[in-house]
Amino acid sequence: MDSIIAALVSLLILDPIQGAITSQLSALGIPRDSADKVAACARTATPAIVSRVGENPGWAVVQVVRFWTGVASPDVVLVEIAPQCAGAVETAKRAIERSV
């Protein structure tokens, strides 16, 4: 069952969020290593996210809807589903601020 949940989490949450963040950073000319750190953090957090989804599927549905409807930006959703990624996201945001 965990492998099915992991596949759904990757398909509906992590892969699209990573893609959106990478695209945003690339469009702004941010160094690839900042985007890679965010993506690596999301991949590392997958087991914890899968565990939380298994314990609280309603929470997961809310996060998916928030992301896919645009109510919350990809970086906000990532930090909410994987708080340990806050540092990588903040580093990327600082790189964006420096480039503007």
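# Helix packing and salt bridges

Being three residues apart in helix H5, Glu90 and Lys93 are separated by about one helical turn. Their side chains meet in a salt bridge, at 3.8 Å from N to O. The model is predicted. Three salt bridges turn up in a search of the whole structure.

- An α-helix has 3.6 residues a turn, so residues three or four places apart point the same way.
- Glu90 is partly exposed, with a relative accessible area of 37%.
- Lys93 is also partly exposed, at 31%.
- Lys93 has a second salt bridge, to the side chain of Asp75, at 3.1 Å from N to O.
- Asp75 sits in helix H4 and Lys93 in helix H5, so this pair ties together parts that are 18 residues apart in sequence.
- Asp75 counts as buried because its relative accessibility is 16%, and the cut-off for buried is under 20%.
- Shared partners join Asp75, Glu90 and Lys93 into one network of salt bridges.

- The side chains of Glu80 and Arg66 meet in a salt bridge, with N to O at 2.4 Å.
- Glu80 belongs to helix H4 and Arg66 to helix H3, so the pair ties together parts that are 14 residues apart in sequence.
- Glu80 is partly exposed, with a relative accessible area of 34%.

- Gln63 is found in helix H3.
- Gln63 counts as buried, at 5% relative accessibility.
- The Gln63 side chain makes a polar contact with the side chain of Arg66, at 3.0 Å.
- Gln63 touches Val77, Glu80 and Ile81, leaving aside residues up to four places away in sequence.
- Arg66 therefore has side-chain partners in both Glu80, by a salt bridge, and Gln63, by a polar contact.

**Helix H3: two sides**

- H3 has 13 residues.
- From first C-alpha to last, H3 reaches 18 Å, close to the 18 Å expected at 1.5 Å a residue.
- Its buried residues are Trp59, Ala60, Gln63, Val64 and Phe67.
- They cover an arc of only 135° around the axis, which puts them on the same side of H3.
- These buried residues pack against H1, H2 and H4.
- Val61 and Thr69 are exposed, on the other side of H3.
- Gly70 follows H3, and its phi is positive, near 85°.

Methods: Residues numbered from 1 in each chain as written. Predicted model: local features only at pLDDT ≥ 70, side-chain atom pairs only at ≥ 80, totals over all residues. Heavy atoms only, no water. Helix = DSSP H or I, 4+ residues; strand = E, 2+ residues; numbered from the N terminus. Expected span 1.5 Å × (residues − 1). Buried < 20%, exposed > 50% of the residue type's maximum accessible area, 1.4 Å probe, protein only. Arc of directions from axis to C-beta. Contact = heavy atoms within 4.5 Å. Salt bridge = Lys/Arg side-chain N within 4 Å of Asp/Glu carboxyl O. Polar contact = N/O pair within 3.5 Å; in protein donor to acceptor, adjacent residues only side chain to side chain.
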